[in-house]
Amino acid sequence: MPPKQRIASSKGILGVPRRAKDQILIFSRHAEELPSSDESDDGDYSPKDYTAETLARQKQQQHITNKTNQQSKRKQKNVDVADLDDESFLGFIGEKSNKKHKTIERKNAEKGDGHDNVSVNTAWSDAIPTEVLLLIFHYCVSTQGAMPLLGRLARVCRRWNAVCREPSLWRKLDLSHFGKYTISGDSLIQKLCGRGVMSGVEELLLDGWVRLTDKGVEMLVKQCSSLKTLSLSNCEKVTYKSAVMIAGCCQQLRSIDLSSTKVDQRGIKALLIGLKNVIEEILLRYCKNIKGPIGMNLLQDDKYPKLTLLDLSGNFVRNFHIEKLQVACPRLKQLQLGNMCLQTATAKLVQKESSKGFPDLEFFSIASSGQTAVLINDDFVHRMLSSSNHLKVLDLRGCSRITATAIDTLCASSLESLYLGSTDASLVLVQTAMTKWCTSLRALDLSGNTAVNDDCLSLFSWLECDELTSLDLSTTAVTCSGLRPILAKYLHTIPRSVSREFGVNSLTHGCVSQNSIQSAINNLVSRNVFLGCPKLNELNLTSCRGIDRGFKQKHIGHGNLKRLLGNIMSNQKQG
């Protein structure tokens with residue numbers, strides 16, 4: 001007897017209408033038949049056309065959509081470049097930025113629907129006093145810089161636009177990061193000057209603006225009469241005319257950087273004459289047009305009572321009279337004369353005795369390479385630094401004629417950084433320097449000296465460089481076994497730290513066993529990494545042929561140095 005047919009129900013268990021396509025047919029033999037999907041009887045039905053032409057059209061449309069998305073992402077990534085090309089970004093201070101708000105106000109006024117028109121400025125920001133808003137802007141400018149931050153804030157509303165005009169927000173303007181864009185040139189300077197915000201600028205940085213010319217500098221100095229710091233380094237189109245205009249318009253200028261520009265002796269002469277009583281910092285690195293004795297004679301023959309920083313590195317200045325420069329710049333604190341073929345003039349005994357030297361000098365660099373270091377010897381260093389008691393940084397890299405005598409005659413007692421790379425430094429020179437400044441040295445560079453070997457490193461076993469944080473031994477003749485007295489020669493020389501731990505009398509009378517001393521040294525090594533240098537944080541061992549493979553690198557950090565020490569000790573035990 002055939003089974004009874006199930007009565008079709010239009011509703012489910014919970015009274016919800018069920019749809020045939022959502023049912024699961026477990027027993028297909030007795031299940032209800034699904035309604036046919038053929039809707040050909042429907043007048044509105046039109047079958048989909050899946051021809052090759054339609055598929056190709058859809059594929060092309062998808063390709064265009066993907067390309068559009070990629071372009072939008074690229075525009076969002078380079079939003080700064082897009083903003084720079086936008087006129088509204090550069091014209092943020094003025095009536096153009098308020099055009100949008102005026103349009104909205106006009107539309108609200110034309111509505112006339114019986115309701116009070118709400119002004120655009122009536123917003124949450126109106127509850128903030130102007131003084132507080134100005135403090136917030138000051139904080140943002142101090143952390144992010146004036147540009148492009150103020151340009152974007154000024155486009156929010158008219159009140160913010162008015163606050164962004166405050167001259168105190170524009171005292172420091174760093175536009176160096178715009179130098180890589182094509183818009184960085186005279187046109188951008190003209191737009192900035194046209195908005196009236198440059199009058200309060202005191203510090204202006206335009207490093208790397210290769211498209212900036214003398215015309216742009218002229219517009220700047222006319223607007224920024226209160227400039228105190230101006231940096232135009234790597235502005236390749238700036239010539240002596242800019243220096244003449246700067247000296248004439250910026251009478252309050254304290255610091256100027258014209259490195260890698262086309263400034264020549266005429267520009268230097270105008271700056272030194274016009275600003276000799278106020279100038280404090282002059283940077284003229286690698287100005288190839290500075291040739292001859294004119295600029296150096298002006299520095300040596302006149303007096304500059306406030307000059308504290310002078311950088312003439314990489315220039316073709318040869319005639320150099322040390323004692324005259326010391327008289328002309330008595331308050332000099334930083335002097336850089338690297339890569340210069342200096343030919344020092346001979347001085348009479350009376351001039352040497354009457355010269356007071358550079359008593360305030362803290363940074364001195366004579367780093368040279370090749371033929372530029374031929375004329376730099378012990379007498380040159382002694383005449384330059386005879387009275388520099390406060391010297392902190394001494395850079396003698398490449399000066400191969402410097403000996404231990406020059407180091408020994410220096411009167412500086414608290415030198416912090418000593419650079420002796422590629423100086424053919426001998427054991428005597430290194431020993432003299434470390435003995436003189438072992439308690440104050442923080443950075444020591446011995447790179448490029450093949451004479452620096454394990455004997456030099458043995459100095460760390462009896463000299464405690466408590467403040468040394470950086471040691472450069474790249475391209476030297478040190479070996480892994482020689483690094484151990486930087487770990488201490490504990491089998492031959494007992495370190496001071498161990499002596500303090502056990503007591504000198506106990507060690508002298510043999511009351512402490514060798515195993516106890518060994519264990520104490522191991523404990524100290526694990527705590528301090530290097531016994532003679534407890535604060536060492538950076539060790540450079542690149543290109544050291546005597547160092548095992550895997551260790552020839554720059555080790556930075558306490559953890560890496562401790563790991564290096566463990567690997568060296570384990571390798572030596574296995575050997």
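Is Cys 157 buried or exposed? In this predicted model, where local features need pLDDT of at least 70, side-chain atom pairs count only at pLDDT 80 or more, and totals for chains, interfaces and linings use all residues, Cys 157 comes out as buried, at 8% relative accessibility. Buried here means under 20% relative accessible area, exposed means over 50%, and partly exposed is in between (1.4 Å probe, protein chains only). Residues are numbered from 1 along each chain as its sequence is written, and side-chain values use heavy atoms, with hydrogens and water left out.

On to the sulfurs. Searching the whole structure turns up zero disulfides, a disulfide being a pair of cysteine sulfur atoms within 2.5 Å. For Cys 157, the closest cysteine sulfur belongs to Cys 164 and sits 8.9 Å away, too far for a bond. Cys 250 is in no disulfide either, with the sulfur of Cys 249 the nearest at 6.1 Å. Cys 250 is buried as well, its relative accessible area being 0%.

Cys 341 is partly exposed, at 29% relative accessibility. It lies in the loop between strand E8 (334–336) and strand E9 (343–344); strands (E, at least two residues) and helices (H or I, at least four) are DSSP runs numbered from the N terminus. Leaving out residues up to four places away in sequence, Cys 341 touches Val 317, Arg 318 and Thr 372, contact meaning heavy atoms within 4.5 Å.

Ser 388 sits in the loop between helix H15 (378–384) and strand E11 (393–395) and is buried, with a relative accessible area of 1%.
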